[in-house]
Amino acid sequence: MNRLRLEIICWSCLLIAMAVSTEAASVWKLPTAQMVYEDLEKCRQESQEEDAATLRCLVKKLGLWTDESGYNARRIAKIFAGHNQMEELMLVVEHCNRMEQDTSHLDDWAFLAYKCATSGQFGHWVKDFMSQKEVER
């Protein structure tokens, strides 16, 4: 009888945890170029124009970064899904994330991993994405 209760409690906890993580994941929305520019301005002010701190602030606001695991490769790949190279992009982001990981210098980690990931084709995609805002003006 006690074992059955324990199993029920364990399964209940598991289901609650899954529901909470699913809800948290479903709240994130793809950022638009407009959102990026608005958050970028806020972050520039908060970080007093320091590049690495501004970048980390921005990607945190956009839901693309956590201080525990760095960049969220899956979310970044979803933004650029139209290029039909999601798996490759995720591998690049994850590689750069691991290569530059430095939990004692989070701003530098975010900045160096970004530079690493955007040094190739992905960098052109980022520029194209950001230029969408210029076209809207």
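This briefing covers the fold, the nonpolar core, the salt bridges and the surface of the protein.

The model is predicted: local features need pLDDT of at least 70, side-chain atom pairs count only at pLDDT 80 or more, and totals for chains, interfaces and linings use all residues. Residues are numbered from 1 along each chain as its sequence is written, and side-chain values use heavy atoms, with hydrogens and water left out. The protein has seven helices and two strands. Helices (H or I, at least four residues) and strands (E, at least two) are DSSP runs, numbered from the N terminus.

**Fold and burial**

- From the N terminus, the order of elements is α-α-α-β-β-α-α-α-α.
- Of the 137 residues in the protein, 35% are buried.
- Buried means under 20% relative accessible area, exposed means over 50%, and partly exposed lies in between (1.4 Å probe, protein chains only).
- Accessible areas come from the Shrake-Rupley method with a 1.4 Å probe; for residues, only the protein chains shown count as cover.

**Nonpolar core**

- The largest nonpolar core has 33 residues, and Tyr71, Ile76, Phe80, Leu89 and Phe122 touch the most other members.
- Two or more residues each come from H2, H3, helix H4 (73–79), helix H5 (86–100), helix H6 (106–117) and helix H7 (121–136).
- H6 contributes the most to this core, with six residues.
- A nonpolar core is a set of buried Ala, Val, Leu, Ile, Met, Phe, Trp, Tyr and Cys residues joined through side-chain atoms within 4.5 Å.

- Phe129 sits in helix H7.
- Phe129 counts as buried because its relative accessibility is 12%.
- Phe129 and Val36 are 93 residues apart along the chain, and their C-alpha atoms are separated by 9.9 Å.

**Salt bridges**

- The structure holds six salt bridges, each a side-chain nitrogen of Lys or Arg within 4 Å of a carboxyl oxygen of Asp or Glu.
- Lys61 and Glu46 pair through their side chains at 3.5 Å, N to O.
- This pair links distant parts of the chain, with Lys61 in helix H3 and Glu46 in helix H2, 15 residues apart.
- Lys61 is partly exposed at 39% relative accessibility, whereas Glu46 is exposed at 54%.
- Arg56 bridges to Asp67, with the closest N and O atoms 2.9 Å apart.
- Here Arg56 is in helix H3 and Asp67 in the loop between strand E1 (65–66) and strand E2 (70–71), eleven residues apart.
- Both Arg56 and Asp67 are buried.
- Arg56 also meets Asp107 in a salt bridge (2.6 Å, N to O).
- Asp107 lies in helix H6 and Arg56 in helix H3, so the pair ties together parts 51 residues apart in sequence.
- Asp107 counts as partly exposed because its relative accessibility is 23%.
- Arg56 has a relative accessible area of 16%.
- A network of salt bridges links Arg56, Lys60, Asp67 and Asp107.

- Glu49, Glu50, Asp51 and Asp108 form a negative surface patch.
- Patches use residues with over 30% relative accessible area and no salt bridge: like charges are joined within 9 Å, nonpolar side chains (Val, Leu, Ile, Met, Phe, Trp, Tyr) within 5 Å.
- Lys and Arg count as positive and Asp and Glu as negative; His and the chain ends are not counted.
- A charge is placed at NZ of Lys, CZ of Arg, CG of Asp or CD of Glu.
- Glu49 lies in the loop between helix H2 (33–46) and helix H3 (51–61).
- Glu49 is exposed at 55% relative accessible area, and its phi is positive, about 70°, although it is not a glycine.
- Gln48 is also placed in the loop between H2 and H3.
- Phi of Gln48 is near 55°, a positive value in a residue other than glycine.
- Gln48 is exposed, with a relative accessible area of 69%.
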